[in-house]
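Here's a quick briefing to read alongside the model. Have a look at the structure first, then go through the points below.

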Amino acid sequence: MKRTLIRWGWLFTGPTLIAFMIGFVVPFVLGVYLSFTRFTTVTNSTWVGFDNYLGVFADGTFVHSLWYTAAFAIVTTVVINVAAFAVAYMLVKAFRGANLFRSVFFMPNLIGGIVLGYIWMLLLNGLLGIWARSITFSATYGFWGMVALMCWQQIGYMMVIYIAGLQSIPGELIESAEMDGASRSQTLWNIIIPLVMPSITVCTFLTITNGFKMFDQNLALTNGAPSRLSELLALNIYNTFYARTGFEGVGQAKAVVFLLIVAVIALIQNRLARSKETQA
Amino acid sequence: MNKPKHPLLWTIVFTIVSIAYMYPIVLVIINSFKGKVFISSEPFSLPDAETFVGWENYTRGVALTDFFSSFGWSLVITLGSAALILLCTSMTAWWIVRADTRYAKTLYTTFLLNLVVPFQMVMFTLSWLTDFLGLGNPFGLWIIYLGFGAGLAVFIFTGFVKSIPLEIEEAATIDGCGPVRTFFQVVLPIMKPAVITVGILEVMWLWNDYLLPYLTLDLKHYKTIPIAVQYLKGGYGSIDMGAMMGILVLAMIPVIVFYLVSQRHIISGVVAGAVKG
């Protein structure tokens, strides 16, 4: 059977492979190559070695957006996960309307980033208007505005994952803890949290990478204003490509650095996750 | 899990929190019926005799953005790409697991790499290549999306295929089925839950994706809904807030309908995707 199957490989993998080449492999390899060249289009590149990479760290806007993004990712990861876990913890208890509330919290997830950006622009500019200011007044306003938006969007998604994790804990474990005289907080810290560790792993991974990769919401809400100070990494790279001629090579080198950052986070996360997970 | 002591109290608390949570959406709906000057000056008040403009924001927004054509292209791109992704990657994933050759392993590892690579990495070169190959139309985008979205789909599908017992497929082979019939008549029906999971995740991504279609599509002829919304912003921050509110409401309606219709699948799809991912 296996031999016939192998003979049919072209049919099963061919279409995906061709599209994968066009949509990923070729652009990726070309992208790595171009990061070492000076170019304005793909066809007129000249090799410059690591020059572009030196340009990346000489660019003040990039270094700023790197720290700005790191702070953003850390703050959103903590707030989203704590809030999502708390909501999930309460919603697994049986009370009227629990299912309806779940649906409400999840809803913002389906709305796209661009639309979300303008929804929050209305709300935040309305609020800040009371003090005659707007979201683009300073990078700090932009920062907390995007944090609020991101939390609103993602708490429901992470909540759903936490609910699934909490529901997979066998009821007897909690009952026996109660019988042994454990208090509510002891049960929470010593039994529930260790057992939902896989969910915590997945959710922190998703929120960190989402924070680092955020683009649409940033573009719609502040577009980097004032003077590129509220630019997250993805928008900074975009603007290097499309708003500054002559810096395409630097833009591509920034993208490679960005990839390395995301990959390192993924790797560390994976390592930590494996060491922390507890079997039920 | 443990039962709460005051069920009614929890219901009241969460009712209040839920209403607050939906407030941003309600605010957009309220403002979509107000004249554009009043949206910036008094966003939190309800429309009254002076500020109410009926459907004017909607009709102007639709005219400015050619909204219904964007809606159509969004639908064509999302459904076509999702269908292609589901068909092709489920076949590939099954073949990778069952054939298990060196080629299959290499392919799988490259698909995994696709999972970590942010779009910015291929942004410039992909838009050039799309243009070079003449794929900058909604149908060309099906191929681009199949390519860039393949990683996640293959990853979830292979995880699922590994849990299918081999005996069922062997029985089909003994009954005289070739690989193609085995896949479509035996394996694919078993894979249905995974197909729904991947379908949900892909549709959520495809429908809302902004940058990839923006950079690859020929924008003179085709726009998607996120692109149409962003176009309302115009040069240097001048936004017709009235038209914007109308379009935001129209952009949210399909999403809310999709959610109401397939809520259960969406929630379980997200959970299944998270466990595998």
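This is a predicted model: local features need pLDDT of at least 70, side-chain atom pairs count only at pLDDT 80 or more; totals for chains, interfaces and linings use all residues.

Residues are numbered from 1 along each chain as its sequence is written, chains are lettered from A and ligands numbered from 1 in the order in which they are written, and side-chain values use heavy atoms, with hydrogens and water left out.

**Chain A overall**

- Chain A comes to 13 helices and 2 strands; here helices (H or I, at least four residues) and strands (E, at least two) are DSSP runs, numbered from the N terminus.
- Of the 280 residues in chain A, 57% are buried; buried means under 20% relative accessible area, exposed means over 50%, and partly exposed is in between (1.4 Å probe, protein chains only).
- Take the chain A contacts (heavy atoms within 4.5 Å) with a separation of 6 or more: 69% of them are between residues 24 or more positions apart.
- Chain A exposes about 12,000 Å², with carbon and sulfur atoms supplying 67% of it; the areas come from the Shrake-Rupley method with a 1.4 Å probe, and for residues only the protein chains shown count as cover.
- The 16 positive and 10 negative charges of chain A have mean positions 7 Å apart. Lys and Arg count as positive and Asp and Glu as negative, while His and the chain ends are not counted; the place of a charge is NZ of Lys, CZ of Arg, CG of Asp or CD of Glu.

**Backbone details**

- In chain A, the peptide bond from A:A225 to A:P226 is cis, with omega near -5 degrees. A:P226 sits in the loop between helix 11 (216–221) and helix 12 (233–242) of chain A.
- A:N223 lies in the loop between helix 11 and helix 12 of chain A. A:N223 isn't a glycine, yet has a positive phi of about 50 degrees, and its 37% relative accessibility makes it partly exposed.
- Over in chain B, B:D100 is another non-glycine residue with positive phi, near 50 degrees. B:D100 is in the loop between helix 4 (67–99) and helix 5 (102–116) of chain B, and counts as partly exposed at 39% relative accessibility.

**Salt bridges**

- The count over all chains is 8 salt bridges, a salt bridge being a side-chain nitrogen of Lys or Arg within 4 Å of a carboxyl oxygen of Asp or Glu.
- A:K254 pairs with A:D59, the closest N and O atoms being 2.8 Å apart. A:K254 is in helix 13 (residues 248–276) of chain A and A:D59 in the loop between helix 3 (51–58) and helix 4 (60–91), so this pair links parts of the chain 195 residues apart. Both A:K254 and A:D59 are buried.
- B:K36 bridges to B:D240, with closest N and O atoms 3.7 Å apart. Since B:K36 is in helix 2 (residues 36–41) of chain B and B:D240 in the loop between helix 12 (225–231) and helix 13 (241–276), the pair ties together parts 204 residues apart in sequence. B:K36 is partly exposed at 43% relative accessibility, whereas B:D240 is buried at 15%.
- B:E169 and B:R98 also form a salt bridge, at 2.7 Å between the closest N and O atoms. B:E169 is buried with a relative accessible area of 1%, and B:R98 is buried at 15%.
- Shared partners join B:K36, B:E56, B:R60 and B:D240 into one salt-bridge network.

**Record annotations**

- UniProt's unreviewed entry puts "domain: ABC transmembrane type-1" on residues 66–269 of chain A. UniProt positions are in the numbering used here, feature names are shortened, and annotations may be inferred rather than shown by experiment.
- That 66–269 span of chain A is 77% helix and 0% strand, with its end C-alpha atoms 19 Å apart.
- For chain B, the unreviewed UniProt entry gives "transmembrane region" at several stretches, including residues 71–96 and 241–261.
- Residues 71–96 of chain B are 100% helix and 0% strand, with end C-alpha atoms 36 Å apart.
- Residues 241–261 of chain B are also 100% helix and 0% strand, and their end C-alpha atoms lie 30 Å apart.
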